[in-house]
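Dear colleague,

I am passing on the structure below, and after it you will find notes on what turned up. Please read them with the model open beside you.

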Amino acid sequence: MVYNVVIEPKNINKFEKNKKATLAALDKYFSVSAEEAAGYLEKKDSWYEVIRKKLTYDDVKDFMSDERDGKLPNVVGIRLEEEYKRTYPNNELACHLLGFVVSGNEGLGGIEGSYNSYLNGQNGRKYSYLGEDYNLQREVELPVNGNSLVTTIDSEVQRIVQIKCDEFMDEMGAKNISVLVMNPKNCEILALYNSHQFNPNNAYSMDSCKYQFETKDKKLSDGEYKDLVKGMTDEEKVETLNNVWRNFVISDNFEPGSTYKTFTVSGALEEGVITGNEEFYCDGIQHVADWDIKCHNVYGHGMLSVPQALEYSCNDCLMQIAALEGSSTFDKYQVLFGFGQKTNIDISGEASEDDLYTMVYHQDTLNPVELATSSFGQGVTVTMMQLGTAFCSAINGGYYYQPHVVKQVLDADGNLVKNYDRILVRRTISEETSDQMKTILQQVVENGTGKKAMIEGYEIGGKTGTAEKLPRGNGKYILSFIGFAPVSDPQVMIYCVVDEPGAEDQASSAAGTLLFNKIAEELLPYMNIYKTGDEVEEGDDVGDEIATPVFEGQAPDISVAGSTPEENATTEATTEETTEAPSEEGTDNSGDAGGGTGDGAEDSPGDGG
């Protein structure tokens with residue numbers, strides 16, 4: 001509760017004795033000088049002027065006490081209006097999930113924006129008027145309390161994620177780190193994190209924006225930053241604040257890389273195009289239409305089974321599987337898994353359905369080259385929320401639930417106003433296919449490119465992803481890992497995305513996998529996810545996932561859905577490995593999406609992006 005100080009100039013001006021005492025009280029209790037008060041009192045016919053807003057009880061208690069005790073007999077025309085101000089006791093914690101409020105307790109972003117109509121009540125009022133018989137009538141409009149929300153957010157999960165990400169940022173650094181933690185059984189969001197945070201209690205503070213003007217080699221002193229802010233226009237300040245308020249997990253699109261292979265294989269298994277027992281031969285390159293599209297291992301992986309195709313993250317094998325599916329079947333499962341569509345998450349920030357539709361190639365545009373590159377997550381762009389929700393479906397038995405943050409709406413007395421049960425949108429794959437995918441994804445962690453995600457004694461499955469950003473050849477990447485535990489009964493899904501890790505060789509840093517390991521190591525015990533005690537047999541080390549160009553020679557003019565030839569331009573590279581990568585940085589509404597992919601790797605066996 002806070003208090004507004006209201007004065008009645010018409011009443012105060014009526015008698016000089018009262019006016020003098022009232023001015024003295026305003027100065028004593030509320031630090032309103034005589035000069036300031038005179039400005040308000042010029043409105044001689046006014047009965048209502050707010051001169052102080054949102055004072056705390058400590059600010060007004062002396063006035064209230066003295067007025068109650070009759071110590072202000074000649075003071076007139078001062079009253080206190082009660083109202084409520086939203087506060088955030090955990091400061092930055094979950095700021096992008098919560099959002100904040102602006103003037104009048106109007107919500108902006110996150111839960112505040114989406115559930116503003118539920119949260120805000122209605123202030124009460126007392127007012128007077130003259131009736132038909134000229135008698136003074138007094139009316140009271142009683143206040144209406146706002147409702148309360150019960151959320152799915154687990155504050156301790158959120159805290160663990162934030163601490164581990166802060167530690168990771170101190171150790172390796174990155175342009176941005178984003179993490180999404182969900183319950184795969186119902187797509188409730190347990191935590192959502194973006195590394196550049198703000199304090200919702202003071203969301204307009206420019207202090208949270210300093211990182212936008214610093215680089216690894218150039219830091220700003222407080223004085224330098226203050227001078228820089230002073231020179232900004234209001235429009236520049238708003239744009240800078242929007243960058244820190246923006247929720248990467250929901251609003252930014254990027255090429256996912258090899259995490260997308262999960263859905264290529266899932267669709268092929270479900271449709272019966274493959275059984276999972278086949279083998280495919282990787283010779284390091286696949287000729288598609290007029291293009292040669294490379295695997296990350298240019299010498300080839302040789303003969304690989306379907307599980308090994310994901311363990312090694314082999315582009316060549318995935319292109320062959322997608323070719324068996326064909327554009328119609330491939331797009332069928334893109335749509336079933338929700339790509340190119342809104343997830344309808346109940347917090348603000350998602351792009352429109354029309355904009356999202358253009359982020360993937362559909363049946364009418366899935367020509368042989370686009371089908372081939374889409375199979376391993378290049379040329380398509382996604383949001384973390386899209387991919388995280390789809391992945392939950394792949395491991396929970398094939399149930400695609402609408403992701404959500406709010407469980408219940410309660411009135412002021414704790415009575416249930418609205419209940420948000422899990423909303424099943426559709427089935428994507430069968431229980432049998434889901435079980436098969438869980439086993440394959442476990443092998444990716446135990447035997448494949450996800451080994452650095454392993455935690456002794458736990459059943460963990462997952463998939464790595466590496467995405468090269470535009471312009472191609474600039475050495476900038478997004479690295480990711482999406483994982484779950486335990487494999488036998490998934491209880492938590494953790495999706496980690498590291499944008500431009502602060503490593504000398506970003507592509508080989510395994511940043512997303514390492515971050516997953518740090519978070520899961522503390523999160524799994526907290527969530528009472530127990531160790532199985534089974535020892536994992538060590539297989540061959542297939543290496544980390546590393547991205548390299550996939551087109552042999554000049555890339556197509558347009559190699560990312562919804563992009564233009566200009567956006568696909570490449571920079572002049574300094575090494576042979578990065579001269580030919582196609583595609584764009586990603587297509588998001590901010591103009592600063594995560595990057596596109598460029599799957600590939602070292603000459604020795606390793607994983608593609």
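Helices (H or I, at least four residues) and strands (E, at least two) are taken here as DSSP runs, numbered from the N terminus. This is a predicted model, in which local features need pLDDT of at least 70 and side-chain atom pairs count only at pLDDT 80 or more, while totals for chains, interfaces and linings use all residues. Residues are numbered from 1 along each chain as its sequence is written, and side-chain values use heavy atoms, with hydrogens and water left out.

The protein chain contains 19 helices and 22 strands, and 54% of its 609 residues are buried, where buried means under 20% relative accessible area with a 1.4 Å probe, counting protein chains only.

As for confidence, pLDDT (the predictor's confidence in each residue, from 0 to 100) has a mean of 86 over the protein chain, and 86% of the residues reach 70 or more. Over residues 571–609, however, pLDDT stays under 50. Where pLDDT is low, the predicted coordinates should not be read in detail.

Some backbone details deserve a look. Most residues other than glycine have a negative phi, and most peptide bonds are trans. Cys187, in the loop between β9 (174–183) and β10 (188–194), has a positive phi near 65 degrees, and at 0% relative accessibility Cys187 counts as buried. Ala94, which lies in the loop between β3 (78–83) and α5 (95–98), has a positive phi of about 60 degrees and, at 6% relative accessibility, also counts as buried. Finally, the peptide bond from Ala485 to Pro486 is cis, with omega near -20 degrees, and Pro486 sits in the loop between β20 (477–485) and β21 (492–501).

Terms used
Buried means under 20% relative accessible area, exposed over 50%, partly exposed in between (1.4 Å probe, protein chains only). Contact means heavy atoms within 4.5 Å.
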